[in-house]
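Here are my notes from a look through this one. Have the model open while you read.

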Amino acid sequence: MRSTSSDSRANRSPNSSPETAVRIRSAAIETFAERGFAKSTIRAIAAAADVSPGLVIHHFGSKDGLRRACDDFVFSAIADAKAANADYATEAVREIFASSDMSLNIDYLTKSLLDPSDHGQRYFDHYVDLVEGYIRHGFAGYEFRTSDTDVRGQAATIAALALAPSILGSRLQKALGTADFPETMSRLAPHLYDLYFHGVITAAPDTASADSAAPDRTETPTAHRTDEGDEKR
């Protein structure tokens, strides 16, 4: 029989190869990040990938299917980069986010988080799921304090904190005087690390002491005597 794996690879069209699907996905991530999801078309993505629109459909089924594949890829790439830099070392953070691939992923992430569609919600829900898994099972050797009543709420809070820099990137650059996202993240990283480990508040008002120091307003005020009244008596 001639049907060997090498024969199969030799007879396979280059356009049906996994490499073609990767090229289409890469072109789609760049197009989505630049134009947004509503304005990006299959035809534009196909042109960027130098393939036919039909080939995009062949590999991904639809624009929604292509976006889902892009979501999954970008999500994993960012999560893997954070896991590789779990100690939040400043220089490593700058290096990670300065790469052109990661910069593109961050642009895509921001577009997705701000997208009001179900895809945008799916992306955020996916992130909350990931953080909830970290809380329950640990992350890169770290163990998390776990809420006694609402782990999902705790995960959503941490997710919102972690994603805020990408959404507020331009605001943070102006507030900090940084030149770009990598420089912004290198400024934020040590403070995020400290926040995760030590929290924010170092002391709270002592309510018991405050109550004892306050004047007792329940006492009936004593009547004031006047010299004129005394003289009359």
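1. Start with the second largest pocket, which has a volume of about 220 Å³. Keep in mind that this is a predicted model. Fourteen residues line the pocket, and those nearest its centre are Ile106, Asp107, Thr110, Ser166 and Phe181.

2. Who builds that pocket? H7, H9, H10 and helix H11 (181-198) each put at least two residues into the lining. The top contributor is H7, with four residues.

3. H7 deserves a look of its own. This helix covers residues 100-114, 15 residues in total, and runs 21 Å from first C-alpha to last, close to the 21 Å expected at 1.5 Å a residue. Its buried residues are Met102, Asn105, Ile106, Tyr108, Leu109, Thr110, Ser112 and Leu113. Two of these, Ile106 and Thr110, are also among the residues nearest the pocket centre.

4. There is also one cavity of 30 Å³ or more, with about 40 Å³ of space in the largest cavity. Its lining is Phe75, Ile78, Ala79, Leu109, Tyr123 and Tyr127. Helix H5 (63-84) and helix H8 (118-137) are the elements giving two or more residues to that lining, and H5 gives the most, with three. Leu109 of H7 is buried and lines this cavity as well.

5. On the outside, look for a nonpolar surface patch made by Leu114, Ile167 and Leu168, with about 270 Å² of accessible area together. Leu168 sits in the loop between helix H9 (151-167) and helix H10 (169-176).

How values were computed: Residues are numbered from 1 along each chain as its sequence is written. This is a predicted model: local features need pLDDT of at least 70, side-chain atom pairs count only at pLDDT 80 or more; totals for chains, interfaces and linings use all residues. Side-chain values use heavy atoms; hydrogens and water are left out. The expected span of a helix is 1.5 Å times one less than its number of residues. Buried means under 20% relative accessible area, exposed over 50%, partly exposed in between (1.4 Å probe, protein chains only). Patches are made of residues with over 30% relative accessible area and no salt bridge: like charges are joined within 9 Å, nonpolar side chains (Val, Leu, Ile, Met, Phe, Trp, Tyr) within 5 Å. Accessible areas come from the Shrake-Rupley method with a 1.4 Å probe; for residues, only the protein chains shown count as cover. A salt bridge is a side-chain nitrogen of Lys or Arg within 4 Å of a carboxyl oxygen of Asp or Glu. On a 1 Å grid over the protein atoms alone, a cavity is a set of points where a 1.4 Å probe fits but cannot get out, and a pocket is an open set with protein on both sides within 12 Å along at least five of seven lines; lining residues have an atom within 4 Å of a point. Grid points are joined across faces, edges and corners, and a volume is the space filled by probe spheres set on the points.
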